[in-house]
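User: I would like to learn how to read the features of a protein model. Please show me the structure and take me through it.

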Amino acid sequence: MNDYDLLVVGSANADLVIGVERRPGAGETVLGSDLAVHPGGKGANQAVAAARLGARTALLARVGDDGHGRLLLDSLRAAGVDTVGVLVGGAPTGVALITVDPSGDNSIVVSPGANWQLTPGDVRAAGSLFHASRVVSVQLEIPLETVVEVVRSLAPGSRFVLNPSPPRPLPREVLDACDPLIVNEHEARVILGDACVSDRAEDWATLLVAKGPRSVVVTLGGEGALVADKEGVSRVPSVPVRAVDTTGAGDAFTAALAWRLGAGEDLAEAAAYAARVGAATVTKEGAQDSFPTEADLTAL
């Protein structure tokens, strides 16, 4: 029996959030709201989101020996995440600078800090976590060589889920392991590069599968999502809600999908569940503070 439903390997940041009437253009200054500091980072977000839903979750990450690092550790433990794999020191905790407009859309700039010190050696030293985990979920706010080492460290029978955010070209070794590769429109275009010869999301999904992943999910915001494998492409409908803040919604979607895949659901079922989790997330402000429990999903 696996000790963990989900092992997340990735980033842990302090989110510094300012509300704005509109996001600034190049060379422009706008006034915003008071600064709010929240625990975040794609790795920590996914771990907290999964644990809130009831998954037995562990996180492999690195934070600084500072106030932001302590904030993250407290948040992870409060959500029920096992922090045995969270390493402390090497650099200050990563920080994300986030502006949120009245529609809930956001723009984010990340200073990686300690996240960039999570090394392949750290992955090899955490071998027991990989062997104890049913699913491993990763993002790209850590070095790419560390992601490659995660693929090489997967236990037999475990499943690898990747959200390539922020996007960059990926080696075939990583693409071949993805089951699924989870991308939004921007990430799909970057991963496809010159192969992105269509404006249809269905074509993106098909082209991405041809690049090696065993399966692909393309998230489309208010239009739902597409799931694809070598058998074809199907659509998962959205859940209509009033969006307040989209920060963390993609992380919640990925965490929920990864957990449900590990529980034995097929890709379409898991994506439909994840769409509900993502929809519930955008109805509240912040990232981790907005992640739903099962009771919240029932209310939705």
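Analyst: Start with the surface. The protein exposes about 12500 Å², and carbon and sulfur atoms supply 52% of that area. Accessible areas come from the Shrake-Rupley method with a 1.4 Å probe, and for residues only the protein chains shown count as cover. This is a predicted model, in which local features need pLDDT of at least 70 and side-chain atom pairs count only at pLDDT 80 or more, while totals for chains, interfaces and linings use all residues. Residues are numbered from 1 along each chain as its sequence is written, and side-chain values use heavy atoms, with hydrogens and water left out.

User: How many helices and strands does the protein have?

Analyst: Helices (H or I, at least four residues) and strands (E, at least two) are DSSP runs, numbered from the N terminus. Here there are 11 helices and 13 strands.

User: What does the radius of gyration say about the protein?

Analyst: The radius of gyration is taken over C-alpha atoms, and the globule rule is 2.2 Å times the number of residues to the power 0.38. For 300 residues the rule puts a compact globule near 19 Å, and the protein's 18 Å agrees with that. Along the principal axes, the C-alpha atoms fill a box of roughly 50 × 45 × 40 Å.

User: What share of the residues is buried?

Analyst: Buried means under 20% relative accessible area, exposed means over 50%, and partly exposed lies in between (1.4 Å probe, protein chains only). In this protein, 55% of the 300 residues are buried.

User: Which residues do the contacts join, in terms of sequence?

Analyst: A contact means heavy atoms within 4.5 Å. Of the contacts between residues at least 6 apart in sequence, 66% join residues at least 24 apart.

User: Where can I see that in strand 2?

Analyst: Look at Ile18, which lies in strand 2. The C-alpha atoms of Ile18 and Thr99 are separated by 5.0 Å, although the two are 81 residues apart along the chain. Leaving out residues up to four places away in sequence, Ile18 touches Gly32, Ser33, Leu35, Ile98, Thr99 and Val100. Ile18 has a relative accessible area of 31%, so it is partly exposed.

User: What about Gly19?

Analyst: Gly19 also belongs to strand 2, which spans residues 13-19. With a relative accessibility of 27%, Gly19 counts as partly exposed. On the same terms for sequence neighbours, Gly19 touches Gly32, Ser33 and Val100. Gly19 and Thr99 are 5.7 Å apart, C-alpha to C-alpha, and 80 residues apart in sequence.

User: Is Ser75 buried or exposed?

Analyst: Ser75, in helix 2 (residues 67-79), counts as buried because its relative accessibility is 17%. Beyond residues up to four places away in sequence, Ser75 touches Pro39, Val48 and Gln288.

User: Which residues of helix 7 are buried?

Analyst: In helix 7 (residues 185-192), they are Glu187, Ala188, Ile191 and Leu192. Seen down the helix axis, these buried residues fall within an arc of 125°, so they line one face of helix 7. The arc is that of the directions from the helix axis to the C-beta atoms. The buried residues pack against helix 6 (172-177), strand 10 (178-183) and helix 8 (201-210).

User: How many residues of helix 5 are buried?

Analyst: Eight of the 10 residues in helix 5 (residues 144-153) are buried, so the helix is mostly covered. Among them are Leu144, Val147 and Glu149. Their cover includes strand 1 (4-9), helix 3 (120-125) and helix 6.
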